[in-house]
Amino acid sequence: MNTPTSSPSPSSSYEAKFRVWRGDTDGGELTDFAVEVNEGEVVLDIIHRIQATAAPDLAVRWNCKAGKCGSCSAEINGRPRLLCMTRMSVFPRDETVTVTPLRAFPVIRDLVTDVSFNYAKAREIPAFVPPPGVAAGAYRMRQIDVERSQEFRKCIECFLCQDTCHVVRDHEENKPAFAGPRFLMRVAELDMHPLDAAGESGIDRARSAQDEHGLGYCNITKCCTEVCPEGIRITDNALIPLKERAVDRKYDPLVWLGNKIGRRRE
Ligand code: SF4
Ligand code: SF4
Ligand code: FES
């Protein structure tokens, strides 16, 4: 009698090869670890297991483990990603997974970088200017304008787009003049906001994007869009329209003023 056979199911646990960058401001190197992986785990789980079993002083920044706080940004096999949203199942089991800190920002220790460049750039952008004569709570906007803002507001400030942008990734010298995609998107959001009264205060947001925040450095390669974990179409919906608005403003500032006033009266 033949005995029924069943093909063995692959074990849900296996041992992965990890290479993790360890070091500080004085330099460092990749360190190898062999570490257990279980079904459903993400790269952050494996980093935590390395901390628990082999390297308790391994520095990593994280908070939510749900893709919402934006703090676990790093590079996995050279690609900017969130550690908590990268499933181990996307890598072949025999592939060495290399985890390194964000390349565009200075290392503090191990996988933790100093991202204060981004906060400095955020402070350079004038805040929303409330419309004069309209009480808070009485603001009204068309749904299409609400939806445009909402897309940009999904940003979790992970700075993966900032890290991947070639303008600053290998060019520290460009940082003073270039705000990066995340903050050019912020300028775009405010410039397209129908209630923003910055224009009446003498602030031309689209022109300042060009003149002060380095919009001209962007050659719309869309690398920032490709790494955004929130799926924000940074290039198509923010940077390209902002470039168009900056050109319009440059050649016909009266058109801009007329549009602004006209839109507010609709
Ligand atoms: S589209 Fe512009 S901002 Fe985005 S990565 Fe390319 S150059 Fe940088
Ligand atoms: S735009 Fe996307 S990639 Fe850039 S900081 Fe925001 S969430 Fe991160
Ligand atoms: S830990 Fe919050 S986004 Fe990854």
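Q: Which helices each supply at least two residues of the shell around ligand 1?
A: In this predicted model, the helices that each contribute at least two shell residues around ligand 1 are α8, spanning 223–227, and α9, spanning 234–251.

Q: OK, and which residues are around ligand 1?
A: The shell around ligand 1 includes the cysteines Cys 165, Cys 218, Cys 223 and Cys 224, and it also takes in Val 167, Pro 181, Asn 219, Ile 220, Thr 221, Lys 222, Thr 235 and Leu 239.

Q: How does that shell divide into nonpolar, polar and charged?
A: Around ligand 1, eight of the shell residues are nonpolar, three are polar and one is charged.

Q: Switching to ligand 2, how many residues surround it, and which are the closest?
A: Ligand 2 is surrounded by 14 residues, of which Cys 155, Cys 158, Leu 160, Cys 161 and Cys 228 are the closest.

Q: And what does the shell around ligand 2 have by class?
A: That shell has eleven nonpolar and three charged residues, with no polar residues in it.

Q: Zooming out, how many helices and strands are there in the protein?
A: The protein has ten helices and seven strands.

Q: What radius of gyration does the protein have?
A: The radius of gyration is 23 Å, whereas a compact globule of 266 residues would have one near 18 Å; along the principal axes, the C-alpha atoms fill a box of roughly 85 × 55 × 35 Å.

Q: What share of the residues is buried?
A: Buried residues account for 32% of the 266 residues, and, among contacts with a separation of 6 or more, 64% are between residues 24 or more positions apart.

Key: Residues are numbered from 1 along each chain as its sequence is written. Chains are lettered from A and ligands numbered from 1 in the order in which they are written. This is a predicted model: local features need pLDDT of at least 70, side-chain atom pairs count only at pLDDT 80 or more; totals for chains, interfaces and linings use all residues. A residue is near a molecule or strand if its C-beta atom, placed from the backbone, lies within 6 Å of it. Helices (H or I, at least four residues) and strands (E, at least two) are DSSP runs, numbered from the N terminus. Ala, Val, Leu, Ile, Met, Phe, Trp, Tyr, Cys and Pro count as nonpolar, Asp, Glu, Lys and Arg as charged, and the others, Gly among them, as polar. The radius of gyration is taken over C-alpha atoms; the globule rule is 2.2 Å times the number of residues to the power 0.38. A residue is buried if 20 or more other C-beta atoms lie within 10 Å of its own, exposed if 12 or fewer, and partly exposed in between; C-beta atoms are placed from the backbone. Two residues are in contact if their C-beta atoms, placed from the backbone, lie within 7 Å.
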